[in-house]
Every structure is written in structure tokens, then in C-alpha cells.
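Subject: Structure handover

Hello,

Here is the structure I said I would pass on to you.

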Amino acid sequence: MKTKGGGNSLSNDQLFRPENIQLNVALNKADDVIRLLGDTLANNGYVVDGYTSACTEREQLYPTGLQLKSTGVALPHADTHYVKHSAIAVATLKEPVTFRQMGDPDAEVAVRVVFLLAPQKGEEQLAFLEGLVSFIQQSDRLAHLCSCQSPDEAAQLLEKHVFSKGDFT
């Protein structure tokens, strides 16, 4: 989903909502972070029962930790049939949490930011990943996300920099 300007044609204001953003979370295990974000999406009506468990199970089979220059990031997700409305939940972590590395499950990544993807349609998952990978490769933007003081501030930052304007229904 590319626009003429080369950006993804997703409507970020529907994906990054302050109620789905948790800042400076103090948890010690990857599964706990995934549960927190999955339960947040469930409580806010974006996903159905079973989504959170499916995310933790999928993370065990197909790890999503990515080691970047400045920090580690994880991008867990589950199948689209659990999703009622597309969304991305976000957690910045007070201290790094160990996730296993994408592509090398024996390696560990110290993760400071988790993006829990909830695409309603299969083709949206690739667009989510493209937009987020572009964002996280900008270490200054990732550092800005980690320093946000409110979910509103984080949502505005993500809305501005992850996706171009477009309708995502």
C-alpha cells in the first residue's frame, strides 16, 4: 500500500490511540508485556478473546525481537481472525525485557519498546511492519518515543512519523 509519495497509505489516527499506549512499564518477562498490551486491546474492544494467548504462543514459535543500533524492539502479533478493529498497542519499558531474536531464536534481545500488532486484514500486517520498521530505524525518533511523557504525546509522534495519510478500514 504505497502512495505516490512513497509512504504507506494507512490511517495512523485509527491505529495509534492513547488508550493503547503504556509508557515506562515495569515488567520483567516478554509474556507479561505481551499480556499487558493484548489485554489493553481486548479491554478497549479491538480484539476478541484468545488474541493475547495467540500472541504469546506465536512469540514462542516465531520470535519478533529486533536488535537495533540504539535499543531492542519487539513486534509480536497473532492471526487476523482475532482482530475486530485494526490497532497497534505500544509499550515503552522502564528496564529492558528479554525477547528472543527474530530469525535466530537462540539469540536474545534486550527490548525497550514493544509494538503489539493487531491487523484486521492479512495484507495490513505487511504495511504495519513496513511503517514500523521505517520508524524504528530512525534512532532519534525511537529515543523520542521512549522519552514521551504521556500516551497522547506518544500517539502524536507515531501518527506523524509511522504512516502517511490514507484510509484504513
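Two strands are said to pair if DSSP finds at least two bridges between them. Helices (H or I, at least four residues) and strands (E, at least two) are themselves DSSP runs, numbered from the N terminus. By that rule, strand β4 and strand β5 (residues 104–118) are joined by 11 bridges and run antiparallel.

Before the rest, two notes on where the values come from. This is a predicted model, in which local features need pLDDT of at least 70 and side-chain atom pairs count only at pLDDT 80 or more, while totals for chains, interfaces and linings use all residues. Residues are numbered from 1 along each chain as its sequence is written, and side-chain values use heavy atoms, with hydrogens and water left out.

Overall picture

The protein has 5 helices and 5 strands. Along the sequence they follow the pattern β-α-α-β-β-β-β-α-α-α. The protein has 169 residues, and 46% of them count as buried; buried means under 20% relative accessible area, exposed means over 50%, and partly exposed is in between (1.4 Å probe, protein chains only). A contact means heavy atoms within 4.5 Å. Among contacts between residues at least 6 apart in sequence, 71% join residues at least 24 apart.

Strands

β4 and β5 form a hairpin with 2 residues between them. Gly-103, in the turn, has a positive phi of about 85°. Within this pair, Val-90 has Phe-115 in β5 as its bridge partner.

β4 (residues 87–101) is also joined to strand β1 (residues 21–25), by 3 bridges, and these two run parallel. Here Gln-22 has Ala-91 in β4 as its bridge partner. Asn-24 has a positive phi of about 55°, although it is not a glycine. With a relative accessible area of 40%, Asn-24 is partly exposed.

Strand β3 (residues 72–74) contains Val-73. Is Val-73 buried or exposed? Val-73 counts as buried, because its relative accessibility is 0%. Leaving out residues up to four places away in sequence, Val-73 touches Thr-64, Gly-65, Leu-66, Leu-68, Val-111, Val-113, Phe-115, Ile-136 and Leu-142. The C-alpha atoms of Val-73 and Pro-96 are 9.7 Å apart, with the two residues 23 apart in sequence.

Helices α1 and α2

The axes of helix α1 (residues 30–43) and α2 come within 8 Å and cross at roughly 150°. That makes α1 roughly antiparallel to α2. Axes are lines fitted to C-alpha atoms, for helices over the stretch in contact, and angles run from 0 to 180 degrees between N-to-C directions. Angles under 35 degrees count as roughly parallel, over 145 as roughly antiparallel, 65 to 115 as roughly perpendicular, and the rest as oblique.

α1 passes α2 in a right-handed crossing. A crossing is right-handed if the near helix is turned clockwise from the far one by less than a right angle, and left-handed if anticlockwise. On the α1 side the contact is made by Asp-31, Ile-34, Arg-35, Gly-38, Asp-39 and Leu-41, and on the α2 side by Tyr-51, Thr-52, Cys-55, Thr-56, Glu-59 and Gln-60. These residues divide into 4 nonpolar, 4 polar and 4 charged. Ala, Val, Leu, Ile, Met, Phe, Trp, Tyr, Cys and Pro count as nonpolar, Asp, Glu, Lys and Arg as charged, and the others, Gly among them, as polar.

Cys-55 is buried, with a relative accessible area of 0%. Apart from neighbours within four places in sequence, Cys-55 is in contact with Ile-34, His-77, Ala-78 and Leu-116. The C-alpha atoms of Cys-55 and Pro-76 are separated by 6.4 Å, and the residues are 21 apart along the chain. Thr-56, also in α2 (residues 51–61), is buried at 11% relative accessible area. Thr-56 touches Asp-31, Ile-34 and Arg-35, not counting residues up to four places away in sequence.

Helices α4 and α5

The axes of helix α4 (residues 139–147) and helix α5 (residues 151–161) come within 9 Å and cross at roughly 160°. α4 and α5 are therefore roughly antiparallel to each other. Their crossing is left-handed. Arg-141, His-144 and Leu-145 in α4 meet Glu-153, Ala-154, Leu-157, Leu-158 and His-161 in α5. The residues of this contact divide into 4 nonpolar, 2 polar and 2 charged.

Regards
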